[in-house]
Amino acid sequence: MKNYDVTALGELLIDFTENGVSGQGNPLFEANPGGAPCNVLAMLAKLGHKTSFIGKVGKDFFGEQLKSAVTEAGIDAGSLYMDEAVHTTLALVHTYPGGDRDFSFYRDPGADMMLTETEIPAEQIRDSRIFHFGTLSMTHEGVRAATRKAVNIARESGAVLSFDPNLRPPLWKSLEDAREQVSYGLGHCDVLKISDNEIQWFTGEEDFDAGIEKLRGQYQIPLILLSMGKEGSRAYYGDLRVEVKPFLQENTIETTGAGDTFGGCCLHHVLKYGIDGFDAQKLTEMLTFANAAASIITTRKGALRVMPSIEEIEGLIR
């Protein structure tokens, strides 16, 4: 038995999300804890799983805020390092009508980029059933080497590897560099969570099924989860293709964290059934649950601190 259900590595940052205007007509921003890997862990912790995070923030006001938020969410922060010299990474999130977003990052450098190979906690990774990672920890050489070391340890320990590209074009020197690192992740995962725009970008196929087929021809990924926003989601597993419609909300505020919430709920079902234990019914159950949770998070500001409970998710499904 392993002590951790899921360990994730990657970025932990502050999402400054728009929250009205001042009396002078200036936009007001709320400092929400964010970062895709920790959002995934927060959802899993809310569902009762033991989780841990590997990453780095600055030894500053925002870093302290993030460390407190991670701990409050029930995530083990023993491998969250605080950099003395580099500040916590910041992102300004502009939300459009309908909930879509645009990001501006303050990360040149940011503390999340400063994680090194020597800081990778090998025993913690070996003690985890699932290891989850993305590409923001592969944008620069040092943190990229740290990520690859962690992936190798996880693979050798028999952990299930979970990957979410979470493409953010402004953070890459070039999209060719991004493509190379996404390809690495695709070649080292058992569970892939990918969005509709990411599959189109990576494969060049407008049709999602054609894109997935192209991807599966190159990479042997047992379970692929496709999030399609207002169109719902799909799961591809062996010869199975299952699609579930979304739970659309009239009171959607923004979509920040919706994909991470979806991904966390899918990993909840991987823990429940095992990577080899799915059939069409279980895939439908997983996607329905994940779609409902993602729908709830779109009605809230931020994500990490406001993940829905299992009762809320099941209530929406009913």
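## Contacts, sheet and salt bridges

Leaving aside residues up to four places away in sequence, T88 touches L12, V57, G58, D60, F62, G63, L66 and A111, where contact means heavy atoms within 4.5 Å. The model is predicted, and for that reason local features need a pLDDT of at least 70 and side-chain atom pairs count only at pLDDT 80 or more, whereas totals for chains, interfaces and linings use all residues. Residues are numbered from 1 along each chain as its sequence is written, and side-chain values use heavy atoms, with hydrogens and water left out.

T88 sits in the loop between β5 (75-83) and β6 (90-95); here helices (H or I, at least four residues) and strands (E, at least two) are DSSP runs numbered from the N terminus. With a relative accessibility of 4%, T88 counts as buried, a word that means under 20% relative accessible area, with exposed meaning over 50% and partly exposed lying in between (1.4 Å probe, protein chains only). Two of the residues that T88 touches also meet its side chain through polar contacts, that is, pairs of N or O atoms within 3.5 Å in which, within protein, one must be able to donate a hydrogen and the other to accept it, and for which residues adjacent in sequence count only if both atoms are side-chain atoms. The side chain of T88 reaches the backbone nitrogen of G58 at 2.9 Å, and a polar atom of that side chain lies 3.2 Å from the backbone nitrogen of G63.

Turning to the sheet, 9 strands form an open arrangement with mixed pairing, in the order β5-β4-β1-β8-β9-β10-β11-β12-β13, two strands being paired if DSSP finds at least two bridges between them. Because β5 and β13 (240-244) stand at the edges and each has a single partner strand, one side of each is left without a neighbour in the sheet. From one strand to the next, the twist averages 15°. Strands β1 (residues 4-9) and β8 (residues 128-134) run parallel and are joined by 4 bridges; in β8, S128 is the bridge partner of Y4. Across β1, β8 and β9 (160-164) lies helix α4 (residues 141-156), running at about 150° to β8, where axes are lines fitted to C-alpha atoms, for helices over the stretch in contact, and angles run from 0 to 180 degrees between N-to-C directions.

Helix α1 (residues 36-46) is mostly covered, with 10 of its 11 residues buried. These buried residues are A36, P37, C38, N39, V40, L41, A42, M43, L44 and A45. After α1 comes G48, which has a positive phi, near 95°.

How many disulfides are found? The count comes to 0, a disulfide being a pair of cysteine sulfur atoms within 2.5 Å. For C189, the closest cysteine sulfur is in C266, 14 Å away, so the separation is too far for a bond; C189 is itself buried, with a relative accessible area of 3%. The sulfur of C265 likewise has its closest cysteine sulfur in C266, at 7.1 Å, which is too far for a bond, and C265 counts as buried at 0% relative accessibility.

Across the whole structure, 17 salt bridges are found, a salt bridge being a side-chain nitrogen of Lys or Arg within 4 Å of a carboxyl oxygen of Asp or Glu.

| R126 and E123, 2.6 Å | R126, 38%, partly exposed | E123, 57%, exposed |

An α-helix has 3.6 residues a turn, so residues three or four places apart point the same way.
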